[in-house]
Amino acid sequence: MDSTFRRTPDIHLQDLINGLLQGNRVFLSRAITLIESKRVEDRKMSAELIERIVQPGRKSLRIGITGVPGVGKSTFIEAFGKMLTDIDKKVAVLSIDPSSNRTKGSILGDKTRMDELSRDPNAFIRPSASGSNLGGVASSTREAILLCEAAGFDIIIIETVGVGQSETVVKDMVDYFLLLMLAGGGDELQGIKRGIMEMADHILINKADRQNLKAAKKAKEDYKNAVHLFPPNEAEWVVPVGLCSALEKLGIEATWKEIEKYEKQVITSGWFTENRKRQAIKWFHERIHDRLEESFFSKPAVKNEIKKKEELISSQKISVRKAVEELFS
Ligand SMILES: Nc1nc2c(ncn2[C@@H]2O[C@H](COP(=O)(O)OP(=O)(O)O)[C@@H](O)[C@H]2O)c(=O)[nH]1
Ligand SMILES: [Mg+2]
């Protein structure tokens, strides 16, 4: 974050907001950097920024995209994003990556693959916030979504970069959750747990091209059968299983058609609004927990006391229960 927005917060915050609301991508980028900042003065400004830009009821669609590394998420987003900007949608792409030791290579690789989309004036691509605290990364991503929406972006795509817990976190911040899979290789091999398949609103078998096509068609039938056995989801939506080739841009429009169908169905049924409400409440509670944890552990006296208790526990001079009781008494 450059210093210009810090010197006289009031005036510059207004500039930032004006630029953001006009859809200026440079200002959007700066606003995201501000909300990602952990500095105390930036936090206050961030809170005010969010307060002033949120427009209740603004129409947008948040789509989460997950799948093991190499399945083709970035390639898919490039093709899908281009298709959307071609029909005059404004598309923002954010990614969530809880791993702190991400290699430079993967960032560069992603950038190259989204090259076309990143040059599109109707697209905005932002690499993930860094940080090893998934809760913190998730929270800045949620706020980044709000900022993108304020800047006029209609479709917000969240790509999961890390594998593991990030799927649940993304599921909790999107309206639609798309799972990319590969044919061949069992679920175990792909590192995809059954739980993640159950969270999906859509299963797409990517790389359904060339010599993979036959295996992809077979996988489609297998997954279709598997999906039938899952308990019905809360949206009362029958999860489609489709084929696509992100590389050859096949099945991209069909995917969008399904998403539109879903959107219509859940807006009519009320699930769209209900889901967003539940997500906001859950986020609120998560933030309370984060703040409590932070304010507790950052106290020097607490740090000190914990150290002492560790020694007492190690030498079996105190039970864990007693040590905890004493910390809070
Ligand atoms: N044959 C084929 N290759 C693909 C397809 N989609 C992606 N790839 C390739 O798979 C590799 C990984 O793609 P990438 O988008 O980076 O995957 P990510 O890690 O899930 O983001 C790249 O070499 C892509 O060119 C596809 O539809 N067909
Ligand atoms: Mg990627």
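**Magnesium site and nonpolar core**

Q: Glu159, buried or exposed?
A: Glu159 is buried, at a relative accessible area of 5% (buried is under 20%, exposed over 50%, partly exposed in between, with a 1.4 Å probe and protein chains only).

Q: Before I go on, what am I looking at?
A: It's a predicted model: local features need pLDDT of at least 70, side-chain atom pairs count only at pLDDT 80 or more, and totals for chains, interfaces and linings use all residues. Residues are numbered from 1 along each chain as written, chains are lettered from A and ligands numbered from 1 in written order, and side-chain values use heavy atoms, without hydrogens or water.

Q: OK, which protein donors does the magnesium ion have?
A: Ser74 (OG) and Glu159 (OE), at 2.1 to 2.5 Å from the ion, ligand 2. Donors are N, O and S atoms within 2.8 Å of the metal (3.2 Å for Na, K and Ca); water isn't among the atoms, so sites may look incomplete.

Q: And what does the pair tie together?
A: Ser74 lies in helix α5 (residues 73–86) and Glu159 in strand β4 (residues 155–160), so parts 85 residues apart in sequence are tied together. Helices (H or I, at least four residues) and strands (E, at least two) are DSSP runs numbered from the N terminus.

Q: Ser74, buried or exposed?
A: Buried, with a relative accessible area of 6% for Ser74.

Q: New topic: how many residues has the largest nonpolar core?
A: 85, with Leu49, Phe76 and Leu147 making the most contacts inside it. Such a core is a set of buried Ala, Val, Leu, Ile, Met, Phe, Trp, Tyr and Cys residues joined through side-chain atoms within 4.5 Å.

Q: Which helix gives the largest share?
A: Helix α8 (residues 134–150), with 9 residues of this core.
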